[in-house]
Amino acid sequence: MTAKVTWSQALAWRMRRHFLDPVGDEPVATVVRRLCGVQSQVASYAELCVRVRRKSSKPGEVARALSEGRIIKTWAMRGTLHLLTPEDAGVFLSLIAAGRSWERPSWQKYFGVTPKQLDALREVVRDVLAGKALTRGELIEAVIARRGYGHLGDALRSGWGTLLKPYAWQGDLCFGPSQGNRVTFTTPKAASSRWRGVPEPDEAAPVAIASYLRAYGPANVDAFGMWIGSGRIGKRRLRAWFDELGPKLAEVEVGGERAFVLTEDLDELVATKPTRTLRLLPGFDQFVMGAGTDDGHVVPARRRAAVSKQSGWISPVVLAGGVVRGTWGRTGDRILVAWFKEAGAVQRAALQAEVKRLSTMVGRVLRLEVEPA
């Protein structure tokens, strides 16, 4: 018989898994691992994503974890920058690479590079990065100095680094230590002695799916596919990977919808009670990104535009009971909360407690202001 739970239960369980209710005391790398990575194109948000999940934290601890090789930074899910643990990174990268997005005609037409040329360039990138950390400019100069690669200069200078992403997904490069405001590239093996390589997709899939469901379950095949690659992996292949997990997965009915959790987590999920716990989460927080902004259970459909802005910007959010109830921003010493009217009475005491917690993180007294959205 299929177990039935409400979305309030499911989201409360997810908050627990995210170290949000209660807040945890795990080290940086454990938080990053539990969340299956932390989106990090905005470094301050990435650090706050980790710190709001820890009872005690210090500024710069994410940077220290990077410098010590306990986490690495690379292009990962949906082609965006992520912090990942070196032990798990290859598992996720393997599935992203399995989509082979760089072999699509549209991709080849845009960059003027064929898959065969990319394979050849891959060997060049590996060679020039061996044992080194190079700035983007140094890497580009080393590549275009090779005979037959001079025409790639403009594509390699793209601000989004799109031409380099396939090599990140195949485990050939990641970000190294910054030189001032300049990024560097190195190999994952050089970035961390904990690097475990990139397994074959069929080997990686059960590990990646299990990790995702531990953090973002209950979830369906489509949710996983959109999270890992924005639909770049075929649904048939995704379903086959889920099917191969067999009895390790349990199907549940959540508010009338079918989804999966790990069988070992089912009893805990069913026993979970809804929560009213409120948290202030930074922009691009994994609680939102893991489900996706089009998941109306987390981000109400009528408020998606307030959360998902133009150019892929994701706003800081007020999360209560696992649902986005507002957005917030900081200006100087002010924390301005835009509370959604349909969320009911403002939970002012809970907001004040969160602002106080943020104050300890930024090292200055912040004050709360609330307005209806």
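Student: Why is Phe19 called buried?

Tutor: The model is a predicted one. In it, Phe19 has a relative accessible area of 9%. Buried means under 20%, so Phe19 is buried.

Student: Where does Phe19 lie, and what is its phi?

Tutor: Phe19 lies in the loop between helix 1 and helix 2. Its phi is about 60°, a positive value, although Phe19 is not a glycine.

Student: What is the peptide bond from Asp21 to Pro22, cis or trans?

Tutor: That bond is cis, with omega near 5°. Pro22 is placed in the loop between helix 1 (7–17) and helix 2 (28–34).

Student: Which kind of peptide bond joins Gly217 and Pro218?

Tutor: Gly217 and Pro218 are joined by a cis peptide bond, and omega there is about -10°. As for its place, Pro218 is in the loop between helix 12 (201–216) and helix 13 (221–229).

Student: What makes Ser230 partly exposed?

Tutor: The relative accessible area of Ser230 is 34%. Under 20% would be buried and over 50% exposed, with partly exposed in between, so Ser230 is called partly exposed. Ser230 lies in the loop between helix 13 and helix 14 (235–245). Ser230 is a residue other than glycine, yet its phi is positive, near 50°.

Student: And Gly229, why is that residue called buried?

Tutor: Gly229 has a relative accessible area of 4%. The cut-off for buried is under 20%, so Gly229 is buried. Gly229 lies in helix 13.

Student: How far is the C-alpha atom of Gly229 from that of Phe340?

Tutor: The two C-alpha atoms are separated by 31 Å, and the residues are 111 apart along the chain.

Student: What is the volume of the second largest pocket, and which residues are closest to its centre?

Tutor: The volume is about 470 Å³. The pocket is lined by 23 residues, and Ala63, Leu66, Lys73, Gly176 and Ser178 are the closest to the centre.

Student: Which elements each supply at least two residues of that lining?

Tutor: They are helix 3 (43–51), helix 4 (61–67), strand 3 (72–75), strand 6 (174–179) and strand 7 (182–186).

Student: How many residues of the lining are nonpolar, polar and charged?

Tutor: Twelve are nonpolar, eight polar and three charged. Gly counts as polar, so Gly176, one of the residues closest to the centre, is called polar here.

Methods:
Residues are numbered from 1 along each chain as its sequence is written. This is a predicted model: local features need pLDDT of at least 70, side-chain atom pairs count only at pLDDT 80 or more; totals for chains, interfaces and linings use all residues. Side-chain values use heavy atoms; hydrogens and water are left out. On a 1 Å grid over the protein atoms alone, a cavity is a set of points where a 1.4 Å probe fits but cannot get out, and a pocket is an open set with protein on both sides within 12 Å along at least five of seven lines; lining residues have an atom within 4 Å of a point. Grid points are joined across faces, edges and corners, and a volume is the space filled by probe spheres set on the points. Helices (H or I, at least four residues) and strands (E, at least two) are DSSP runs, numbered from the N terminus. Buried means under 20% relative accessible area, exposed over 50%, partly exposed in between (1.4 Å probe, protein chains only).
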